[in-house]
Amino acid sequence: MPGKNVLIVYAHQEPKSMNGSLKNIAVDVLQKQGCSIIISDLYSMNFNAAATRNDITGELCNPQHFRYGTETMEAFKKGVLCEDILKEQEKVKVADLIIFQFPLYWYSFPAIMKGWIDRVFVQGFAFDFPGCYDTGLLKDKLALLSFTTGGTEEMFSKDGMSGDIRYVLWPMQHGIMHFCGFKVLAPQITYAPEYVGDEKRKNMLLLWARRLEAIWDERPIECTPPWYFQ
Ligand SMILES: Cc1cc2nc3c(=O)[nH]c(=O)nc-3n(C[C@H](O)[C@H](O)[C@H](O)COP(=O)(O)OP(=O)(O)OC[C@H]3O[C@@H](n4cnc5c(N)ncnc54)[C@H](O)[C@@H]3O)c2cc1C
């Protein structure tokens with residue numbers, strides 16, 4: 001799709017991993033469509049995941065009692081957030097679609113990616129009050145979580161030992177992406193790639209490629225409690 005900008009926020013330490021292959025396939029397919037792709041390869045960038053005072057380069061509003069949310073909101077308004085956050089926010093600003101590519105860690109994002117979210121999706125930039133959920137400040141953008149798991153699809157079913165995968169998706173898709181206004185595309189879940197044969201893994205990669213070929217025709221999911229809990 002010429003003219004579309006895609007940001008891939010990618011968290012895996014190993015380029016030869018399944019996550020590395022899923023990321024490479026996204027780049028190939030989307031580039032063939034004429035999209036512009038930017039990749040934030042968080043481990044290669046040695047991205048700092050810790051939300052600290054150092055994220056504000058100017059004077060603090062209240063150095064006696066540091067409040068990360070208030071200070072970063074004010075720093076965003078004054079343009080005094082630190083350089084690495086500003087760079088990532090610029091990438092988000094131009095993106096039509098953000099793909100988060102990661103292995104599921106403890107039912108969630110790996111810490112480095114969660115840290116990217118903590119530090120980049122600052123109040124005033126990604127959300128505000130008012131200005132969250134359907135009116136979130138990133139409401140003109142699409143978000144898609146593409147992740148791998150250790151558990152099988154059966155384990156992540158309603159009666160499986162890990163519980164319905166939609167319970168896991170609720171905080172990530174609803175609590176973060178929808179909160180910031182993103183229209184959320186259905187997740188791409190690649191179950192248990194370590195425990196299947198090579199042929200099956202190739203097929204998983206093929207399914208992702210096929211999906212991406214028609215990604216711009218997809219409609220977002222209804223990011224409301226019934227989608228997750230009924
Ligand atoms: C701290 C931590 C917490 C975790 N928490 C959870 C959890 O809560 N729930 C859960 O389910 N799991 C959890 N896991 C497991 C984790 O999600 C999986 O190990 C991970 O998703 C597997 O993906 P990978 O990319 O790392 O796999 P890899 O091991 O890198 O890849 C799997 C296989 O795919 C092969 N491969 C790569 N590219 C290709 C290709 N192009 N064609 C064919 N084969 C290819 C690789 O060679 C490898 O054999 C956790 C793991 C850790 C370390």
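An oxygen atom of the ligand sits 2.8 Å from a polar backbone atom of tyrosine 107. This is a predicted model.

| Residue | Atom of the residue | Distance to an oxygen atom of the ligand |
|---|---|---|
| Tyrosine 107 | polar backbone atom | 2.8 Å |
| Glycine 150 | backbone N or O atom | 3.0 Å |
| Glycine 151 | polar backbone atom | 2.9 Å |

On its own, the ligand has 1,000 Å² of accessible area, and the protein covers 70% of that.

**Around the ligand**

**Strand β3**

Now turn to β3, residues 97-103. Of its 7 residues, 7 are buried, so the strand is largely enclosed by the rest of the structure. Its residues point two ways. Leu97, Ile99, Gln101 and Pro103 face one way, while Ile98, Phe100 and Phe102 face the other.

β3 has parallel partners. With β1 (residues 5-10) it forms 5 bridges. With β4 (residues 142-148) it forms 7 bridges. Isoleucine 98 takes part in both pairings: it is the bridge partner of leucine 7, and it stands opposite alanine 143 in β4. From β3 the chain crosses through helix α4 (residues 111-120) to β4. This β-α-β crossover is right-handed.

Notes. Residues numbered from 1 in each chain as written. Predicted model: local features only at pLDDT ≥ 70, side-chain atom pairs only at ≥ 80, totals over all residues. Heavy atoms only, no water. Polar contact = N/O pair within 3.5 Å; in protein donor to acceptor, adjacent residues only side chain to side chain. Areas by Shrake-Rupley, 256 points an atom, 1.4 Å probe, with all protein chains shown as cover. Buried < 20%, exposed > 50% of the residue type's maximum accessible area, 1.4 Å probe, protein only. Helix = DSSP H or I, 4+ residues; strand = E, 2+ residues; numbered from the N terminus. Pairing = 2+ DSSP bridges. Right-handed = clockwise from strand over helix to strand, strands pointing away.
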